[in-house]
Amino acid sequence: MLVPIELYGLTQRMGHLSPDLAIGWQIGKYVHEFFDGLQEVRIAVAAEGDAAFALSYLSREHGCYGQVTVTETPRPWDFLFYHAVTGTALHFTLIRKHIVLSQGLRSLEPHLAMDKPAVVEIYRTGLDLLVESILKRPVDSFCKIRQIRCRPLLQTAENNSTIRCCRCGKSSFVQNAWDIEGQICCQTCSGLEPAWFMYH
Ligand SMILES: [Zn+2]
């Protein structure tokens with residue numbers, strides 16, 4: 001399988017090239033192209049794993065944060081990116097059927113530890129084909145991508161005036177409020193990661 005040289009280097013460090021690593025790589029490259037770099041791009045992932053590792057690597061190499069937030073509770077997306085300069089968030093939700101092994105191959109998993117080279121070979125080949133297919137496909141063929149406009153409303157507001165969140169109805173200080181697709185929201189309803197607000 002031919003892999004990009006930079007991914008090859010990462011694979012050598014990881015010791016393997018998994019479907020999850022390929023997914024993180026492809027999404028990271030997509031976002032890199034979308035925002036013309038990864039500077040100022042905040043990244044959150046809904047699960048620890050090779051995809052988070054690949055994104056963390058790409059962010060360190062091509063951005064400046066090198067930090068990926070791994071969420072502690074479930075989110076409505078698998079990956080979230082926020083680019084403050086353009087006020088854009090991208091949600092990625094994986095389409096599972098395109099990124100998992102077939103049922104037939106998964107049924108081999110309990111047998112892999114049993115010293116059956118033929119079974120391991122079949123499984124390995126299936127895994128390689130899946131990785132290859134993820135690396136060849138456009139990202140939007142295995143992910144649903146949503147683009148959302150979001151900007152801090154008036155972060156320089158000096159008074160303590162409040163505003164009502166149009167999603168939850170609670171009042172929020174104007175300097176903490178967000179404009180999400182034209183709706184005024186509190187931080188909690190903004191859809192962005194709470195950990196990011198310390199920078200705003
Ligand atoms: Zn709210």
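Is K97 buried or exposed? In this predicted model, K97 counts as exposed because 8 other C-beta atoms lie within 10 Å, and a residue with 12 or fewer is exposed.

## Overall architecture

The secondary structure of the chain amounts to 5 helices and 9 strands. In sequence order, these elements follow the pattern α-α-β-α-β-β-β-α-α-β-β-β-β-β. The C-alpha trace spans about 70 × 30 × 25 Å along its principal axes.

Of the 200 residues of the chain, 28% count as buried. When contacts between residues at least 6 apart in sequence are considered, 58% of them join residues at least 24 apart.

## Domains and their contact

Two domains are assigned: domain 1 covers residues 5-145, and domain 2 covers residues 153-199. Their centres, taken over C-alpha atoms, are separated by 31 Å. The contact between them draws 6 residues from domain 1 and 5 residues from domain 2.

On the side of domain 1 that touches domain 2, β1 (41-45) and β3 (79-83) each contribute at least two residues. By class, this side of domain 1 comprises 4 nonpolar, 1 polar and 1 charged residues.

In soluble globular proteins, nonpolar side chains tend to be buried together. The largest nonpolar core of this model has 35 residues, of which V45, A54, L55 and F81 touch the most other members. At least two residues of this core come from each of α2 (19-34), β1, α3 (50-62), β3, β4 (88-94) and α5 (117-136). The largest share, 7 residues, is supplied by α3.

With residues up to four places away in sequence left out, V45 touches A51, A52, L55, V68, V70 and F79. Another core, of 6 residues, lies apart from the largest one and includes C165, W178, I180 and C185.

## Packing of α2 against α3

The axes of α2 and α3 come within 7 Å and cross at roughly 35°. The crossing of these two helices is right-handed.

From α2, the residues D20, L21, I23, G24, W25, G28 and H32 meet D50, A51, A52, F53, A54, L55, L58 and H62 of α3. The residues of this contact divide into 9 nonpolar, 4 polar and 2 charged. Two of the α3 residues in the contact, A54 and L55, are also among the residues of the largest core that touch the most other members.

## Positive phi at two aspartates

Most residues other than glycine have a negative phi. D36 has a positive phi of about 55° although it is not a glycine. This residue is found in the loop between α2 and β1. D36 counts as exposed because it has 10 C-beta neighbours inside 10 Å, and the limit for an exposed residue is 12 or fewer.

D115 also has a positive phi, of about 50°, and is likewise not a glycine. The loop that holds D115 runs between α4 (103-106) and α5. With 8 C-beta neighbours inside 10 Å, D115 falls within the limit of 12 or fewer and therefore counts as exposed.

K97 lies in the loop between β4 and α4. Its C-alpha atom is separated by 8.3 Å from that of F142, a residue 45 places away along the chain. As stated at the outset, K97 is exposed.

I145 is found in strand β5, which covers residues 143-152.

Notes: Residues are numbered from 1 along each chain as its sequence is written. This is a predicted model: local features need pLDDT of at least 70, side-chain atom pairs count only at pLDDT 80 or more; totals for chains, interfaces and linings use all residues. Domain bounds come from an automatic or database domain assignment. Two residues are in contact if their C-beta atoms, placed from the backbone, lie within 7 Å. Helices (H or I, at least four residues) and strands (E, at least two) are DSSP runs, numbered from the N terminus. Ala, Val, Leu, Ile, Met, Phe, Trp, Tyr, Cys and Pro count as nonpolar, Asp, Glu, Lys and Arg as charged, and the others, Gly among them, as polar. A nonpolar core is a set of buried Ala, Val, Leu, Ile, Met, Phe, Trp, Tyr and Cys residues joined through C-beta atoms within 7 Å. A residue is buried if 20 or more other C-beta atoms lie within 10 Å of its own, exposed if 12 or fewer, and partly exposed in between; C-beta atoms are placed from the backbone. Axes are lines fitted to C-alpha atoms, for helices over the stretch in contact, and angles run from 0 to 180 degrees between N-to-C directions. A crossing is left-handed if the near helix is turned anticlockwise from the far one by less than a right angle, and right-handed if clockwise.
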